[in-house]
Amino acid sequence: MAKIINEVSRTFSEYLLLPRLTKTFHTPTNVSLKTPIAKNSSEKEPRLSLNIPFVSASMQSVSGSEMAISLARRGGCAFIFCSQPIEQQAAMVSRVKTHKAGFVPSDSNLRPDNTLNDAIALRKKTGHSTMPVTHDGSKNGQFLGILTDKDFWEYEDDLEAPVLEFMTKKENVVYGSVGISLHEANKLLRKNKKECLPILDKNDCLHSLVFKKDYFDHMNNPDELLDRKKRLVTGAGVNTHDYEDRVPALINAGVDVLCFDSSDGYSEFQKNAAIWTRKKFGDQIVVGGGNVVDGDGFRYLVEEADIDFVKVGIGGGSICITREQKGIGRGQASALTAVVAERNKYFSETGIYIPVCSDGGLANDTQIIIALAMGADFVMMGRYFAMTTESPTPRVSIGGRMYKPYWGEGSNRARNWQRYNNEEAGMKFEEGIDAYVPIVGSVREVLSVTTTKLKSTMCNMGSLTLKEFSDNAVLTRISEQSFVEGGTSNVLSVDKDIPREV
């Protein structure tokens, strides 16, 4: 007969934190939100850590290249969706890796015989106003000069004239040589009051570009997540069907983290795909697995599949209907605490720490905080990031307010057949719905609010690190009435109840 677990399946909204002693040094400026995303031992540092405990879901309506760039600049990581052709996903990864690398390959190049019209068309296509001129118009051709939009007047000069007549020629260009450090390159820019520094090889061929704006961008984003080559870190979702082609393409594009995208990761399909990836690429790549909801699933992925981190959660997402369609899942708080307990047990047995990601069931900042207090090393979110300006879907006006479309990867719209072990054409049922979410601001704006709340709460809990936060946390179950008591009552809210004069 079936085994029945009598414990009620709990959600994050059923808990509150009890404050711990706050000492004088427990201030937000002293709090670190750094957290591991790769497995590690107590003797070694993780191969990769996040600077903030937030990643975006591998969904068509959430994680494109723009999201990955914005999130990495804030210290988190996006998982670019895999429900698309391999070449397109690899191209998205490549755009992130070349966006800000310190030494940036040039993708806006001209020949000296190109016209100003050609230059204007190239600027409109790429958005770049600085265009190196090489003998053949290639990114690594012999460097002849450089053209910017300050070198000509679009509405006054002859636009059929060749670029050669307007560009700054090589002999008048300040440039660096291959082998120069990024620090020295920035010093040259500062000393010569330049915006861009071409880097040339020993044959005077263009190698890369260094930009002043990238230096200031770095200074304005001190938590940005970079790899060893000073490129932004990005993740990507993969499936258990075409991984033998998709994984190598993504790694060649420079991806840092892979995660198997499945509503149920407790399967031999995921084990086989993970083992293949590990045998082929070793520890070169961080590999995450999931999703699971109990200790058995955690043990299977860690011991059988050699996974770096484990995602927890089935059916808790705002547009996920797996629970109602298939009767599979668990309340997110119960699932997370069960997996965290097994993770801690595994660590005590082996000395190997496996990061846990809580995926889904997060309706607000408070629930994000509760998930981290319960032992999640980081959280994965879809709706949270779908509501930002950087999500890849178009703006839609509904009733005078701006929204963005948001749909689940298990929906007909996603057409992500490879998530399902179904030989028949088409889908007989959906595990996700189609919806709209309001636009709330940029990634920078929404994360600023959430991280401020999180740091403040950590101080209330006498904690300066996420590990201390989880270790120190004391949570209490709440009743329905205590939940009501926590909101406003017996007052007229200025924002909600009192109409404003027009």
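Two strands count as paired if DSSP finds at least two bridges between them. Helices (H or I, at least four residues) and strands (E, at least two) are DSSP runs numbered from the N terminus. The model shown is predicted, so local features need pLDDT of at least 70 and side-chain atom pairs count only at pLDDT 80 or more, while totals for chains, interfaces and linings use all residues. Residues are numbered from 1 along each chain as its sequence is written, and side-chain values use heavy atoms, with hydrogens and water left out.

**Figure 1. Overview of the protein.** The protein has 15 helices and 23 strands. Of its 502 residues, 51% are buried; here buried means under 20% relative accessible area, exposed over 50%, and partly exposed in between (1.4 Å probe, protein chains only). Among contacts with a separation of 6 or more, 64% are between residues 24 or more positions apart, where contact means heavy atoms within 4.5 Å.

Figure 2. Eight strands form a closed barrel in the order 5-6-13-14-15-16-18-19, with parallel pairing. From one strand to the next, the twist averages 25 degrees. Strand 13 (residues 235-238) pairs with strand 14 in the parallel sense over four bridges. Gly235 has Val257 of strand 14 as its bridge partner. In a regular strand the side chains alternate between the two faces of the sheet. Strand 14 (residues 257-260) is covered on both faces, with Val257 and Cys259 buried on one side and Leu258 and Phe260 buried on the other.

**Figure 3. Strands 18 and 19 with helix 11.** Strand 18 (residues 356-359) and strand 19 (residues 378-381) run parallel and are joined by three bridges. Opposite Asp359 stands Met380 of strand 19. Helix 11 (residues 365-373) packs on the sheet and touches strand 5, strand 18 and strand 19. The direction of helix 11 makes about 140 degrees with that of strand 19; axes are lines fitted to C-alpha atoms, for helices over the stretch in contact, and angles run from 0 to 180 degrees between N-to-C directions.

Figure 4. The buried residues are Ser65, Met67, Ala68, Ile69, Ser70, Leu71 and Ala72. Their cover includes strand 5, strand 6, helix 2 (86-99), helix 12 (383-386) and helix 13 (443-460). Just after helix 1, Gly75 takes a positive phi of about 110 degrees.

**Figure 5. Nonpolar cores.** A nonpolar core is a set of buried Ala, Val, Leu, Ile, Met, Phe, Trp, Tyr and Cys residues joined through side-chain atoms within 4.5 Å. The largest has 101 residues, and those with the most contacts inside it are Phe54, Phe309, Phe385, Leu454 and Phe469. Another core, of 13 residues, lies apart from it and includes Ile120, Leu122, Phe152 and Phe166. Not counting residues up to four places away in sequence, Phe469 touches Leu17, Ile369, Leu372, Ala373, Leu454, Thr457, Met458, Met461 and Ser463.

**Figure 6. Crossing of helices 8 and 10.** Helix 8 (residues 295-304) and helix 10 (residues 332-350) have axes that come within 8 Å and cross at roughly 45 degrees. That angle makes helix 8 oblique to helix 10; angles under 35 degrees count as roughly parallel, over 145 as roughly antiparallel, 65 to 115 as roughly perpendicular and the rest as oblique. Helix 8 contributes Gly295, Phe298, Arg299, Val302 and Glu303 to the contact, and helix 10 contributes Val339, Glu342, Arg343, Lys345, Tyr346 and Glu349.

**Figure 7. Gly313 and its neighbours.** Gly313 lies in the loop between strand 16 (309-312) and helix 9 (322-326). At 6% relative accessibility, Gly313 counts as buried. Beyond four places in sequence, Gly313 touches Ser263, Asn291, Val292, Val293, Gln332 and Asp359.

Figure 8. Most residues other than glycine have a negative phi, and most peptide bonds are trans. A cis peptide bond, with omega about 10 degrees, joins Gly290 and Asn291. Asn291 lies in strand 15 (residues 286-292). Lys193 has a positive phi near 55 degrees and sits in the loop between helix 4 (182-192) and strand 11 (196-200). Lys193 counts as exposed at 77% relative accessibility. Asp306 also has a positive phi, near 55 degrees, and is placed in the loop between helix 8 and strand 16. At 25% relative accessibility, Asp306 counts as partly exposed.
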